[in-house]
Amino acid sequence: MKDADLRARAAKVVPGGMYGHLNAALFAPGFPQFFERGEGCRQWDADGREYIDFMCSWGPVVLGHRHPRVEAAAARQAALGDCLNGPGAVMVELAELLVDLIPSADWAMFSKNGTDATTQALMVARAATGRTKVLMAHGAYHGADPWCTPSPAGTTPNERADLVEFTYNSLESLEAAAATVEGDVAAIIVTPFKHDSFEDQELVEPAFARGARALADRIGAALVIDDVRAGFRIDLRGSWEPYGVRPDLTAWSKAMANGYPIAAVTGTDALRGPAQTLYSTGSFWFSAVPMAAARATIETLRDTDGIAAMERAGAQLREGLYAQAKAHGFVINQTGPVTIPWLSFDGDADLSVAMHWSDACLRHGVYLHPWHNWFLSAAHTEQDVARALEGTDAAFAETRAHFG
């Protein structure tokens, strides 16, 4: 088996054979580690097995793998150049697109990963306020730098000393957190909904979103929305725009360029000056090809109403899974937006049922995840979801037979 051979070889030259969030050793036993290719809403692993993909490369692929409009834009730019002595015109064009599209954006800065963007946003907030403390929801994921990584290995307590935690969706908890560091809050950083791994997701309460905005205004702190995971799958204008809540700063990445590496921070005019004072850069941050891909991705989502397509597919998947689970005698929880869903089994504290079911789904050609939220793409058609539901139904049957 090619996957097994690659794992054995990788173990000799890569620490642990694999690391980070794509480490298949953390998933159910049958999950492949290495992949060969992707097309539309499907991926093929290194051993040639085909899957309908409900992880979308952990979020970046929003239009489907190898989308022709995106690939054509990237190829045109690559023929001109990618990593040059300065950015291409496409940087200005992409920034203009974001400013035109996002009501809270008067400017944009670019980098590579979501962690770059969340870190850069907090740097802007601190430069603007002269303060140090950041209010952050307990258990929230904002990246993998020392200040926010979920693993303490290789970090020091000092690198998290300026974080003050609150409970997501509890305005009382947020107010109390702010009171403990009164006068020194630079930013409130918050995800558009609660999407912590290993837990049911939780949509934001509109009153909490509006209360966070009001608190930031009252104490003179920046409201930072970490839209890295949810951006471009809930609302192209920003994930809290439907609630009438506009942040001072927003971090973007994942779905921004349909798999090409790019991230951005957008902000308001009031923070333009502080943003100018930062020294925040990288050798590949201004590469033109990902910017061309990002422009094509965002324009395609806008022009084709891609979010509506994802919502239809996500609703079909959710309804089908509920019906199947009930038919097989399982009580399940499906949480989060239908475009960024997750399924858990009632009473499955050790995730043994979820692990078995997700493993069975793989055997029936459906790739989803036992403890991390999933992602829909605009490439998922009604027929694709119907085919996937055939696989999940078989997986429910096998799981019921296993657990009795």
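Me: How do the residues lining the largest cavity divide into nonpolar, polar and charged?
Reply: In this predicted model, the largest cavity holds about 60 Å³ of space. Its lining includes Trp240, Trp252, Ile225, Val245 and Pro247, and Asp227, Arg237 and Glu241 also belong to the lining. By class, the lining of the largest cavity divides into five nonpolar, four polar and three charged residues.

Me: Which helix gives the most to the lining of the second largest cavity?
Reply: The second largest cavity has about 40 Å³ of space. Gly314, Leu317, Arg318 and Leu321 are among the residues that line it, as are Trp374 and Leu376. The classes in this lining are six nonpolar, two polar and one charged. With four residues, the top contributor is the helix spanning residues 306-327, H9.

Me: Which element gives the most residues to the lining of the second largest pocket?
Reply: This pocket has a volume of about 200 Å³. Of its 13 lining residues, Met91, Ala108, Met109, Phe110 and Phe286 are the closest to the centre. Helix H3 (89-101) and strand S4 (107-111) are the elements that each give two or more residues. The most, four residues, come from H3.

Me: How are H2 and H8 oriented to each other, roughly parallel or roughly antiparallel?
Reply: The axes of H2 (residues 68-80) and H8 (residues 288-304) come within 8 Å and cross at roughly 150°. Angles over 145 degrees count as roughly antiparallel. H2 and H8 are therefore roughly antiparallel.

Me: How many nonpolar residues are in the contact of H2 with H8?
Reply: From H2, the contact includes Val70, Ala73, Ala74 and Ala78, and from H8 it includes Val289, Ala292 and Ala296. Three polar and three charged residues also take part. The number of nonpolar residues is nine.

Me: How are H5 and H6 oriented, roughly parallel or roughly antiparallel?
Reply: H5 (residues 171-180) and H6 (residues 206-219) have axes 10 Å apart, at an angle of about 20°. The cut-off for roughly parallel is an angle under 35 degrees. H5 and H6 are therefore roughly parallel.

Me: Is the crossing of H5 and H6 left-handed or right-handed?
Reply: In this contact, Leu171, Leu174, Glu175 and Ala178 of H5 meet residues of H6 that include Phe208, Leu215 and Ile219. The crossing of the two helices is right-handed.

Conventions:
Residues are numbered from 1 along each chain as its sequence is written. This is a predicted model: local features need pLDDT of at least 70, side-chain atom pairs count only at pLDDT 80 or more; totals for chains, interfaces and linings use all residues. Side-chain values use heavy atoms; hydrogens and water are left out. Axes are lines fitted to C-alpha atoms, for helices over the stretch in contact, and angles run from 0 to 180 degrees between N-to-C directions. Angles under 35 degrees count as roughly parallel, over 145 as roughly antiparallel, 65 to 115 as roughly perpendicular and the rest as oblique. Contact means heavy atoms within 4.5 Å. Ala, Val, Leu, Ile, Met, Phe, Trp, Tyr, Cys and Pro count as nonpolar, Asp, Glu, Lys and Arg as charged, and the others, Gly among them, as polar. On a 1 Å grid over the protein atoms alone, a cavity is a set of points where a 1.4 Å probe fits but cannot get out, and a pocket is an open set with protein on both sides within 12 Å along at least five of seven lines; lining residues have an atom within 4 Å of a point. Grid points are joined across faces, edges and corners, and a volume is the space filled by probe spheres set on the points. A crossing is left-handed if the near helix is turned anticlockwise from the far one by less than a right angle, and right-handed if clockwise.
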